[in-house]
Amino acid sequence: MWVSLAAVRISADRLAAFCLDITARKAIEAELDLYRQGLEEAVTERTADLERTEAQLRLILESTADGLYGIDLAGRISFINPGACAILGYRPEQMIGRESHSILHHTHPDGRPYPRPDCPVEATLRQGLVQRVEDEVYWAADQRAIPVSYSSHPMIRQGQIIGAVVSFTDISARKAAEAARTLALEEAERLATLRREFLANMSHEIRTPLSAFLGLGEM
């Protein structure tokens, strides 16, 4: 039995003692201690799980060669991976907190301004639509137009759109290969035309003296 004791001197040779049974309270405190200990262990375990998950996600973000960045509802960049920085020529601190459209997507390839409301990423932020664009350009730190394909996906928390994640790939090599293939086809067509013209001219040049020889033979 757990008790709480108190004593008060009431005279030179007398004390008044008070005793309170606190067994039930001690049982509750013990139960609370066990619950608190279990809660702390659960929090520690959950924190470790989150740290492991975050480390894995960070490793994935840092390892992929493709560009990846996140934006909030105002279009400001909240995170960006090393792949995106390598493609665009920016350092992370030059990107974080800045409005992405104004630095990456502000102008069409032909030099026309690209209004932000027309950008497909806006449809992701406002309507939650997944957007995929196969042939576009992003503008690098040195103002080079980099051909890219990109997709944007909404970030949703408790049913509300809180931002978007944009992934993009540098397709400069593919565009160069396509241009080279087009030039090769044009050159092949030009050579085929020259061949046809050459054969037609040679046929004419051969037929003309041959006709003369045949005429002389008949005579």
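Colleague: How many bridges join β5 to β6?

Modeller: Seven bridges join these two strands, β5 and β6, and they run antiparallel. Strands (E, at least two residues) and helices (H or I, at least four) are DSSP runs, numbered from the N terminus. Two strands pair if DSSP finds at least two bridges between them.

Colleague: What kind of model is this?

Modeller: It is a predicted model, in which local features need pLDDT of at least 70 and side-chain atom pairs count only at pLDDT 80 or more, while totals for chains, interfaces and linings use all residues. Residues are numbered from 1 along each chain as its sequence is written, and side-chain values use heavy atoms, with hydrogens and water left out.

Colleague: Back to the strands, then. Which residue of β6 does E136 stand opposite?

Modeller: E136 has V148 of β6 opposite it. The strands β5 and β6 make a hairpin with five residues between them, and Q143 in the turn has a positive phi of about 70°.

Colleague: And what do β6 and β7 form?

Modeller: They also form a hairpin. Two residues lie between β6 and β7, and in the turn Q158 has a positive phi of about 50°. The pairing of β6 with β7 is antiparallel over 10 bridges, and S149 stands opposite T169 in β7.

Colleague: In what order do the strands sit in the sheet?

Modeller: The sheet is open and has five strands, in the order β4-β3-β7-β6-β5, with antiparallel pairing. Its edge strands are β4 (77-80) and β5, each of which pairs on one side only. From one strand to the next, the twist averages 30°.

Colleague: A change of topic: is helix α5 largely enclosed or open, and why?

Modeller: Helix α5 (residues 120-127) is largely enclosed by the rest of the structure, because six of its eight residues are buried (under 20% relative accessible area, with a 1.4 Å probe and protein chains only). The buried ones are P120, V121, E122, A123, T124 and L125.

Colleague: What covers them?

Modeller: The cover includes β3 (67-72), β5 (131-139), β6 (145-157) and β7 (160-170); contact here means heavy atoms within 4.5 Å.

Colleague: At what angle does α5 run to β7?

Modeller: The angle is about 155°, with α5 lying across β3, β5, β6 and β7. Axes are lines fitted to C-alpha atoms, for helices over the stretch in contact, and angles run from 0 to 180 degrees between N-to-C directions.

Colleague: Which residue follows α5?

Modeller: G128 follows α5, and its phi is positive, near 75°.

Key
Buried means under 20% relative accessible area, exposed over 50%, partly exposed in between (1.4 Å probe, protein chains only).
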